[in-house]
Amino acid sequence: MEYYIAPSLLSADFGRLDDEVRAAEKAGADLLHVDVMDGRFVPNITIGPSVVAAIRKAATAPLDVHLMILEPERYVDDFAKAGADILTVHAEATPHLQRVVARIRELGKKAGVALNPSTSLSAVEWVLTDVDMVLLMSVNPGFGGQAFLPSSLGKIELLRSQLTRAGLDVDIQVDGGIKADNVGEVAAAGANVIVSGSGIFGTSDYGKTIALMKQNIRKTVGKTGGAKA
C-alpha cells in the first residue's frame, strides 16, 4: 500500500500562501489538502474557487479539495475548472450522492466521499465502486487544531476490511487531529492518505515533521503487518 501525506492549507499562513504552498511541497508533501467551508454545512467560512485557482498557479502537487458545503453539485464544475485534481463531497450534504460522484468523474477528476465522525459507513456502501477515495473525518469538521477522536480507529479498520473483502482499490483518507505521534496508528488501522494541518504547519520545520510522519508510518505498519482485513 502506498502512503501519502497531505498538509492541510487551512492551517497555513494565508498572508503568505504562495510561500506556504512551496514550502510544503519542498518539505515532501504528496498532496495539498484544501478545505472549502460554506458557513452552512460547517460553522466556518473559508475559500472559494478563485483562491483554489491561485493555489493551483503556485502548486505542482495534486490539489485535494474537500468540499464541506451543502449542495456540492452546484459547485463541482467551478472547483474542477479552478484546478482541483481530487474533489471530495460529504455524503451528508447532498441527496444525490452517486450523481455528484459521477459528475466529478465526468469532469476528469478523482472523486471522494467524506463522512463525519457520527455518520455510518453504510452511507457510502452503494457508491464504493464509483469512488477513488473515502475521507473519514476524525474530528467534527469546521475548525483546525482539534483533538483526534480515538473512536475513528475502529471505523478506519472496518472500512479497510470492507474494501479488502470487496477487492476495491480505494484510498482511505483521514483528517483531523493527526500529528507525528499518532500518525502510525492511523495508518496501521488502514488509512493511507493522511491529512495534517497544525500537525505540520504548527511546527518549525515542515520537512522534518513530514519525514518523521513517514518514518512513523513505516515503523508502525511494519510492526503490525499493515491494515487489518
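## Helix faces, parallel strands and a nonpolar core

Three residues of helix α2 (residues 49-58) are buried: Val52, Ile55 and Ala58. They share the same side of α2, because they cover an arc of only 115° around the axis. The model described here is predicted.

Look at the other face of α2. Turned away from the buried side, this face carries Ser50 and Lys57, and both are exposed. What covers the buried residues of α2? The cover includes two helices, α1 (17-26) and α3 (76-82). It also includes two strands, β2 (32-37) and β3 (63-68).

Helix α1 has a buried side of its own. Leu17, Glu20, Val21, Ala24 and Glu25 are buried there. These residues cover an arc of only 130° around the axis, which puts them on the same side of α1. Just after α1 comes Gly28, with a positive phi of about 115°.

Is strand β4 (residues 86-90) enclosed or open? Five of its five residues are buried, so β4 is largely enclosed by the rest of the structure. Ile86, Thr88 and His90 point one way from the strand. Leu87 and Val89 point the other way.

| Strand pair | Sense | Bridges | A bridge pair |
|---|---|---|---|
| β3 and β4 | parallel | four | His66 and Thr88 |
| β4 and β5 | parallel | five | Ile86 and Lys110 |

From β3 the chain crosses through α3 to β4, a β-α-β crossover that is right-handed. β4, helix α4 (residues 97-106) and β5 make a right-handed β-α-β unit as well.

**His66**

His66 lies in strand β3. It is buried, with a relative accessible area of 0%. Which residues does His66 touch, not counting those up to four places away in sequence? They are His33, Val34, Asp35, Val36, Thr88, His90, Ala114, Leu135, Met137 and Asp175. Among these contacts, Thr88 is also the bridge partner of His66 in β4.

**Nonpolar cores**

The largest nonpolar core has 66 residues. Those with the most contacts inside it are Val65, Leu67, Leu87, Ile156, Val186 and Ile194. Helix α8 (residues 206-224) supplies the largest share of this core, five residues. Apart from this core lies another, of six residues, including Ala6, Met133, Val193 and Val195.

Leave aside its neighbours within four places in sequence, and Ile194 is in contact with Tyr4, Ile5, Ala6, Val174, Ile178, Val183, Val186, Met213 and Ile217. One of these, Val186, is also listed among the residues with the most contacts inside the 66-residue core. Another, Ala6, belongs to the core of six residues.

**The aromatic pair**

How many aromatic pairs does the structure hold? It holds one. Phe201 and Tyr206 form it, edge-to-face. Their rings lie 5.1 Å apart, centre to centre, with 75° between the planes. Both Phe201 and Tyr206 are buried.

Note on methods:
Residues are numbered from 1 along each chain as its sequence is written. This is a predicted model: local features need pLDDT of at least 70, side-chain atom pairs count only at pLDDT 80 or more; totals for chains, interfaces and linings use all residues. Side-chain values use heavy atoms; hydrogens and water are left out. Buried means under 20% relative accessible area, exposed over 50%, partly exposed in between (1.4 Å probe, protein chains only). The arc is that of the directions from the helix axis to the C-beta atoms. Contact means heavy atoms within 4.5 Å. Rings of Phe, Tyr and Trp (its six-membered ring) pair if their centres lie within 6.5 Å; planes under 30 degrees apart count as stacked, over 60 as edge-to-face and the rest as tilted. Two strands pair if DSSP finds at least two bridges between them. A crossover is right-handed if, with the strands pointing away from the viewer, the path from the first strand over the helix to the second runs clockwise. A nonpolar core is a set of buried Ala, Val, Leu, Ile, Met, Phe, Trp, Tyr and Cys residues joined through side-chain atoms within 4.5 Å.
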